[in-house]
Amino acid sequence: MLRVRNLVSGYGNLTIIRSVSLHVKAGEIVTIIGGNGAGKTTLLNTIAGIIQCREGEIVFEHENISKFSADKIAAKGLCLVPEGRQIFSDMTVRENLEMGAYIRYKKENKEEINTDIEKMYNLFPILQNRKHQRAGTLSGGEQQMLAIARALMGRPKLLILDEPSLGLAPIIVQQIFAIIKEIRNMGNTILLVEQNAKAALKIADRGYVMETGQILLEGTTSELFENRDVQRAYLGKEYRHINE
Amino acid sequence: MNIGRRIHLLALCIFIIAIQLLAEMSGSRYILTQLTMTGYYTLVVLGLCLLMGYAGQVSLGHAAFFALGGYLTALFSSSHLDQLFTHENISILRKAGIITHHPEINNALCLAPIVSLGIVLFFTLILALIIGIPLLRLKGHYLSMATLGFGIIVHRIFLGTKIFGEADGIANVAPFRIFGFFAVGGDASHRIANFYFAWFLVLCAIIILRNIINSRVGRALRAIHDSEEAASAMGVDVGKYKLIVFAISALFAAIGGFFMTHYNTGIGPSEAGIMKSVRYVAIVAVGGMANLWGCLIMGTVLNFFSLRGFFGSYDDAVFGALLIGIMIWAPDGLFTKEFSHKFRHFVEKIRCQFSK
């Protein structure tokens, strides 16, 4: 579904992504894990067209989208939930959801969008209680749920989540990840970027490990769980403990 | 559209008529002149309200578009072009009604006002697009600085070019005739009609802007205001919308300048000045940015006071002070619950002080 080949990208003179290749198949949850400054967000922003790539190609559904602008890519069905949520804080929860269906207003009738909004309320009941509230007044976890729901409103073929656990309490993180799994079971494809490696690997099918702008490792999640370097660096296990 | 949303418009219509009747009965018809001019300035404010409040792009160069509309039509509708048009070849143009005699300015030949309006709109649109495409890539302060630069350039060009009358501006501009019997011009017998014409334009502007704001486009603009990145991730073509809104607000300013020049029968370089641009920005800020009615009310009140000379020679200082005050005490404008709450609190405190 998505195939990235030898991608190079960065800001100004700074090269951050150095030749990254990855792919996502339909129906999968693929995770990219890595520490601070590994280039995860830059990679996602490049794929979503917010940053223009320098070299390499991004192929989405057999179409080269590496030169497309962000809004064209969104219209193709690749939707990014940006880091730090970036919900529209001055709008109500409902308006945020309607905004998520922005690209659909041209083609489809309003009723279909309204039924989708109802579906989102079922998936995230808390949003229904808050539907007339300004989005900026929601808690961090609720904002993250809203950001995900807003992205789903566009009926994306591929949903890209950039650190959905950022700044949230562990119990909320669990809830969010349970919902991500549910969204996949509904037939969606998800690319998930996380610092919280343990939680991400638990729900994903395959994973990539990223460091200093390169992919170090790739494999199924069980392979990555077994990998000693991953265990030491990202899963918080002591070196001694592993060797015993 | 339901009645609740129309009631504002109806209230505005009633208010306009009431003002006129009140002025008539109290024998102060002269205030209609300033109110007419206020209407034209309000057009600029409303356009800027869409750009600043809803799309979040602060332009410090809107006086330039106002002056552009005014100067261009002044050029076409005064005796400047008379010599060009004396040639025999242009009799076709005269027959087609593109150029006409103006009895008000010694029968000089100049462009028919309606043609002049078309040219002004066309030029403004082209200029807004030429300026907008590179400038709107900038964000926040950088955009404001760039539009400020644009405003200064336009001001200096009008101030320094001979054909635009240098520091004197252009005077003796022919009135803008509509249907033969009514003219936008200085003629005192048309004062009431002019008042209604100006406010009819304001009413049209409000209706157009409301339609934009309440549509899918309006929601996209508010999304851009909140976060350009997130908006583009939703599939909004951010660049296109910013450009369209910039062009619309430039056109509003140019139309304001166009009719103001005909009404005043002239225009001077101060209309293009930076202080004018700052004034428009201040009014939109006081009105509450994304608040069409707030901008309308404040635009009317402040411009009217300014034109009546309430602020004396401290006119520009008042608007500067206003901008500072608003940013400190009421960043969301005067028409918010927070501000009314703050204000009541403040009054209460003062009263306590005095009762001691």
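## The largest cavity

Sorted by class, the residues that line the largest cavity of this predicted model comprise 7 nonpolar and 3 polar residues, with no charged ones. The space inside this cavity comes to about 50 Å³, and its lining draws on both chains, including Ala74(A), Cys79(A), Ile103(A) and Pro156(A) from chain A and Ala233(B) and Met234(B) from chain B.

## The largest pocket

The largest pocket has a volume of about 620 Å³, and it is lined by 19 residues, of which Asp90(A), His225(B), Met289(B), Ala290(B) and Asp332(B) lie nearest its centre. Two elements of chain B, helix H2 (31-54) and helix H8 (216-226), are those that give two or more residues to this lining. By class, the lining of the largest pocket holds 7 nonpolar, 5 polar and 7 charged residues.

## The second largest pocket

About 460 Å³ of space lies in the second largest pocket, where Ile50(A), Lys139(B), Glu228(B), Ser232(B) and Val238(B) lie nearest the centre among 18 lining residues. At least two residues of the lining come from each of helix H2 (70-76) of chain A, helix H9 (228-233) of chain B and H10 of chain B. The lining of this pocket divides into 6 nonpolar, 5 polar and 7 charged residues.

## Two helices of chain B

The axes of H2(B) and helix H11 (residues 274-287) of chain B come within 9 Å and cross at roughly 65°, which means that H2(B) is roughly perpendicular to H11(B). The crossing in which H2(B) passes H11(B) is right-handed.

## Confidence in the model

The model scores ipTM 0.79 and pTM 0.84. For chain B the mean pLDDT is 85, with 90% of its residues reaching 70 or more. Within chain B, confidence is highest in helix H10 (residues 238-264), at a mean of 92, and lowest in helix H4 (residues 91-95), at 67. Where pLDDT is low, the predicted coordinates should not be read in detail.

Terms used
Residues numbered from 1 in each chain as written. Chains lettered and ligands numbered in written order. Predicted model: local features only at pLDDT ≥ 70, side-chain atom pairs only at ≥ 80, totals over all residues. Heavy atoms only, no water. pLDDT = per-residue confidence, 0-100. Helix = DSSP H or I, 4+ residues; strand = E, 2+ residues; numbered from the N terminus. 1 Å grid on protein atoms, 1.4 Å probe; cavity = no way out; pocket = protein on both sides within 12 Å on 5 of 7 lines; lining within 4 Å. Points joined across faces, edges and corners; volume = space filled by probe spheres on them. Nonpolar A, V, L, I, M, F, W, Y, C, P; charged D, E, K, R; others polar. Axes fitted to C-alpha atoms, helices over the stretch in contact; angles between N-to-C directions. Parallel < 35°, antiparallel > 145°, perpendicular 65-115°, else oblique. Left-handed = near helix turned anticlockwise from the far one by under 90°.
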